[in-house]
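Q: Can you walk me through the aromatic side chains here, and then whatever else stands out?

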Amino acid sequence: MELEDLKTIWKKQNDEFQPKGKTELATMLKGRSTSIISRLKRNVWIELTFTFAGALALLAYALTLPAGALKWTSISIPILFCIYSLYYLKKLRLLHSFDAGNENLKANLETLIQRLKGYLKFYRRSYSILYPVYLFLGLLFTALERGADGFFGALTKPDVVLTLVLGAGVFFLCSTWLTSWYLKKLYGNHLEKLEGVLRELG
């Protein structure tokens, strides 16, 4: 095909193209942002449901165990999960407060994105604290079960100390990687889309 033919086709396409008005574009962007918010709300509910289901399953398992360190550690984790559910409720409240019909959509989006990023940052940091707390609780209940002499006597053995350090390190690294991965899947991708909507608003 000749270059002149291509130019003619391009001019025809240009003539037929009707640019969308600012009002129509704003309406489209509001619709997109509302759709993303709905997905974020759904993901929070999914995570909250799995948290409660996991806590109940762990509690049911703990009640079948004989009295001892494993039982009390298994019971303490669901209790911490229940306290942590306040985080999910606060996040849901934030998402419900978003109003796509607000005239100042850009300011509304900026506030939402900033606060969501803050929540996710808090989430990562809190779990990096909670994992050592779980380990500490396990060690505490083991010490109470064995008695101070038996517990500290075991800690004098190099193989026991090495196993504890390696196990704690692997658990912490795997857990933090898993947390980052599913946060990206559940919230990170949608957050990036919201930032894309914000950029389009200019």
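A: In this predicted model, Y87, Y88, Y119, F122, Y123 and Y182 form one aromatic cluster.

Q: And how many aromatic pairs does the structure hold?

A: The structure holds seven aromatic pairs. One of them joins Y87 and F122, whose ring centres are 5.8 Å apart with the planes at 35°, so this pair counts as tilted. The pair links distant parts of the chain, since Y87 belongs to helix α3 (residues 69-97) and F122 to helix α4, 35 residues apart.

Q: What about the rings of Y123 and Y182?

A: Their centres lie 6.3 Å apart and their planes are at 85°, which is over 60, so the pair is edge-to-face. This pair also links distant parts of the chain, with Y123 in helix α4 and Y182 in helix α6 (residues 158-201), 59 residues apart. Y123 itself has 0% relative accessibility and so counts as buried.

Q: Switching to charges, which ring does the charged end of K91 sit over?

A: The charged end of K91 sits over the ring of Y187, 3.7 Å from the ring centre, while K71 lies over the face of W72, at 6.0 Å from the ring centre.

Q: Back to helix α4, what span should its 42 residues have?

A: At 1.5 Å a residue, helix α4 (residues 105-146) should span 62 Å, and its end C-alpha atoms are 61 Å apart, which agrees. After α4 comes G147, which has a positive phi, near 90°.

Conventions: Residues are numbered from 1 along each chain as its sequence is written. This is a predicted model: local features need pLDDT of at least 70, side-chain atom pairs count only at pLDDT 80 or more; totals for chains, interfaces and linings use all residues. Side-chain values use heavy atoms; hydrogens and water are left out. Helices (H or I, at least four residues) and strands (E, at least two) are DSSP runs, numbered from the N terminus. The expected span of a helix is 1.5 Å times one less than its number of residues. Rings of Phe, Tyr and Trp (its six-membered ring) pair if their centres lie within 6.5 Å; planes under 30 degrees apart count as stacked, over 60 as edge-to-face and the rest as tilted. Buried means under 20% relative accessible area, exposed over 50%, partly exposed in between (1.4 Å probe, protein chains only). A charge sits over a ring if NZ of Lys or CZ of Arg is within 6 Å of the ring centre and within 35 degrees of the ring normal.
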